[in-house]
Amino acid sequence: MPEIVPLHYHILLEPDLSTFRFSGQTTVHLKPSVPAGEIVLNICDLAVWKTEWIRQSGTLACPFQVDPEKETLRVFLAECTGEEIDLRIVYEGVINDRMAGLYRSSYRTENGIRWIAVSQLQESDARRVFPCLDHPAQKATFDVELKIDKGLVAVSNGAIQSIDPLSDGRKSVCFETTPRMSTYLLFIGVGRFETIQDPEDPRVKAITVPGMSAFAEFGLEFGKNALRYCERYFGIPYPLSKLDLIAVPDFAFGAMENWGAITFRENLLLRYPESTSKSGLERICEVTAHEIVHQWFGNLVTPEDWRYLWLNESFATFFAYGVVDELHPGWKIWDRFIGGQTAEALERDGLKETFAIEIPGGEHVVINSSTAPIIYSKGGSVLRQILGFIGPDAFQKGLTRYLNSHAYGSTASRDLWEALEAECDQPITRMMKDWIGQPGHPLVEVHRRGNTLRLHQGRFSYLEGAPDATWLVPVNIRLFGAGEEETTLQVVMKDADLSVPIDDGVQAYKINEGQSGFYRVQYRDEENLVRLGLHIRDKRLSAADRWGLASDLEALLRAGRIDLDRYLRFLEYYKDEDRLLPAAQVIQSLHRLFIVAPASCKEQIQKTACPFLHRLLTDIGYAPAAEEPHSRTILREHCLWPAAVMGLQEAEDFGKKRFKEVEAGQRVDPDIFKSVLQLGAWTWGTRALSWFMARLSATGSEHERMTIAMAMGSFREKKAVDAALQAVLDIIPDRNKFIPVVAMASNPDAIAHLWPWYTENLPAIEHFHPMLYERVVAALIPTCGLILEKEVKSFFENYLKKHSLAADAIRMSLEKLEINLALRRRMEARKGHSA
């Protein structure tokens with residue numbers, strides 16, 4: 001038990017949007033577990049003027065000491081006490097421009113730039129706003145009071161309890177006391193906000209900057225329905241009196257689950273009819289659901305240490321897709337989970353430089369480009385595996401047991417295991433320890449010997465040298481007999497090897513049916529792989545299984561277990577593929593290989609890619625049709641840009657023509673708008689750049705701004721690429737600066753220009769938000785290093801010796817570079833041998 005436990009905070013802030021400073025006064029009610037003579041709180045970038053011990057006999061001023069390096073405020077009491085303590089701290093802080101703590105965000109009006117102040121406190125930035133015990137397990141209740149100009153609106157976690165005028169013309173706004181919660185969930189917002197309220201559920205409101213509330217109706221409606229579904233599924237009412245969905249112009253993350261006051265990037269809450277695509281709507285729903293799920297997983301029940309952060313993020317990631325599927329079943333959103341979350345997790349977790357979902361240590365875990373695919377995506381995928389193993393009823397009952405048992409408290413991983421195991425007769429504790437507690441995932445190799453399938457598991461890695469391991473692996477096997485006969489076996493691998501008896505009549509078998517398991521598969525008997533290929537061709541396998549075979553084979557290619565010829569031959573079975581999930585996998589894979597391949601192998605990849613894309617685009621159409629299926633619309637978006645990059649002239653011609661229509665002011669369907677801008681950049685160069693620059697200044701849509709930023713990574717000519725990179729430094733908002741750079745890393749004609757830009761402008765680029773800087777280096781290293789291997793490696797090896805900034809992302813990306821280099825060398829050697 002901690003020596004000091006916070007029970008309650010009263011926080012008074014006076015933010016000034018003209019000077020970008022705030023004064024603060026925080027009174028914290030503390031309970032020592034042992035007699036204490038001093039109190040240590042967390043603090044960062046706050047100027048403390050006074051600390052006082054408030055006692056019944058009077059108020060005593062206390063000496064104090066601030067340690068900026070340790071981010072602590074040490075307050076010395078006049079005497080040791082074991083009684084509860086009220087400690088008041090008077091201080092001042094800055095409303096900064098770093099998108100952390102209490103920060104400023106701007107928006108444009110007819111009268112110029114206006115400002116709001118909002119908070120972002122996860123993981124450990126509450127200490128930038130008020131002195132506190134800034135750890136998730138140190139829960140307390142909060143009273144918030146804000147003194148602001150009378151024309152401004154104040155928002156916090158609770159509903160407004162009172163508004164009182166002040167003698168200086170300002171007003172004091174007080175809010176309802178919060179439930180017991182962690183410091184990182186507190187929210188403060190001040191500005192000239194607009195609000196709309198759901199007509200059916202008055203608890204739910206959308207809050208925007210002026211002029212944007214009309215675009216919030218879609219997000220508001222979905223948010224209400226998501227909240228109601230979560231209440232039904234979890235069997236626990238939402239505990240606050242209101243839920244605000246707040247669109248923030250400047251935001252480094254996608255969204256933040258502040259209890260009762262969720263914040264979003266504008267494009268992830270607001271629907272712009274002229275620019276938000278169907279994939280954009282999906283993203284609004286998925287992110288909104290993710291944050292609403294957090295109101296239970298993370299807010300009501302919180303991890304007792306940052307090492308258990310997966311209990312928040314894995315559940316929100318996984319269950320968000322269940323919410324969207326419930327409310328929009330026609331979208332087939334679970335296909336997007338497999339092709340997005342699971343694919344990203346397998347990619348990241350296949351590196352030697354990986355780590356367990358339950359991160360060792362846990363004193364302070366930073367969510368970044370290195371950790372997020374494990375904590376969010378792998379964790380969510382493992383939960384999907386558990387759901388498939390124990391069944392939906394036991395899974396739901398286990399979650400409800402977990403939430404009810406630990407409401408308003410803090411938990412560790414074992415608490416979840418015990419709740420799930422109590423509702424089923426499966427070895428969940430053993431299984432979860434394997435999957436949560438050790439890094440990596442299995443490769444299950446299988447071959448048939450007569451009437452026996454022999455399975456062997458070991459850790460999968462793209463490069464040699466990763467420590468081996470075994471897992472308790474639930475394996476679903478689909479057996480195909482003569483004609484239409486099919487059966488499913490469910491077995492569990494407890495050791496490295498397992499033999500599974502099968503009948504004589506089995507002609508083919510598919511391991512990991514439905515792709516519910518988080519592992520790779522390699523078939524050692526070619527005859528079975530051929531038969532599975534035939535089942536791909538005749539659509540006898542599900543879309544998920546067709547995706548799984550293509551995804552696993554690409555991974556085996558990149559790991560050096562098969563060669564390019566064999567991989568491309570297998571893709572011939574997909575020549576008539578029309579489902580989004582497997583078709584997108586084929587396209588993305590070929591695009592990735594095209595970027596990495598030496599010049600001598602690019603034509604071979606094009607010979608597979610161009611006919612596939614030509615047939616697909618001919619079948620579904622280059623432009624959307626009225627009332628077409630939702631997934632077809634999204635599939636088209638996956639096709640157009642890679643088609644042009646890999647040399648399909650029809651795609652290039654289509655984009656060139658449609659961009660001229662955009663220039664002329666004609667409407668282009670939102671569902672191809674991004675592709676048309678990318679193809680416009682590809683074909684028109686600096687002419688398109690001029691339109692981009694003008695439109696960036698004119699548009700009020702964050703979705704359109706981000707679309708233009710992505711298209712700015714699609715130029716071929718050097719002059720346009722250089723101008724776009726300069727615009728990243730000078731024009732693109734801080735929150736979006738990474739977008740063109742990441743896009744250029746997948747553009748074969750732009751990659752060569754990225755490295756000199758990065759090295760020549762390093763001080764300015766290092767000033768990006770840390771998470772966004774990581775995205776830049778994570779995009780640059782694996783591709784720029786293909787051109788300048790020695791220079792890139794040497795640069796970052798020295799960089800790591802001097803800097804900690806983005807260290808995890810740099811190490812991860814250097815390993816990805818090694819994988820790309822090894823693949824390229826094998827391709828070159830194979831081509832040379834065949835020549």
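Is F142 buried or exposed? I started my notebook with that one, and F142 counts as buried because its relative accessibility is 0%. A reminder to myself before going on: this is a predicted model.

**Entry 1: aromatic pairs**

I searched the whole structure for aromatic pairs and got 43. The one I opened up was Y9 with F142, which is stacked, with 10 degrees between the planes and 4.9 Å from centre to centre. I then checked where the two partners sit: Y9 belongs to strand β1 (residues 4-16) and F142 to strand β11 (residues 141-149).

Next I asked myself which residues ring pairs link into a cluster. I noted Y229, Y233, F234, Y238, W296, F297, F315, F319 and Y402.

**Entry 2: charges over W684**

I turned to W684 and looked for charged groups over the ring. K656 has its charged end over the ring of W684, 5.0 Å from the centre. R687 also lies over the face of W684, and here I noted 3.9 Å to the ring centre.

**Entry 3: an open sheet**

In which order do the 4 strands of the open sheet run? I wrote down β9-β10-β15-β12, with antiparallel pairing. At the edges I found β9 (101-109) and β12 (153-156), each of which pairs on one side only. From one strand to the next, the twist averages 20 degrees.

β12 and strand β15 (residues 188-191) run antiparallel and are joined by 4 bridges. For A154 I looked up the bridge partner in β15, and that is V190.

**Entry 4: a loop asparagine**

Where is N512 found? I located N512 in the loop between β28 (508-511) and β29 (520-523). I checked its accessibility too: N512 counts as buried because the relative value is 2%, and the cut-off for buried is under 20%.

I then listed what N512 touches, leaving aside neighbours within four places in sequence. N512 is in contact with N476, G517, Y519, V521 and D545. One of these, V521, falls within the range of β29 (520-523).

Methods. Residues numbered from 1 in each chain as written. Predicted model: local features only at pLDDT ≥ 70, side-chain atom pairs only at ≥ 80, totals over all residues. Heavy atoms only, no water. Helix = DSSP H or I, 4+ residues; strand = E, 2+ residues; numbered from the N terminus. Buried < 20%, exposed > 50% of the residue type's maximum accessible area, 1.4 Å probe, protein only. Contact = heavy atoms within 4.5 Å. Phe/Tyr/Trp six-rings, centres within 6.5 Å; stacked < 30°, edge-to-face > 60°. Lys NZ or Arg CZ within 6 Å of the ring centre and 35° of its normal. Pairing = 2+ DSSP bridges. Axes fitted to C-alpha atoms, helices over the stretch in contact; angles between N-to-C directions.
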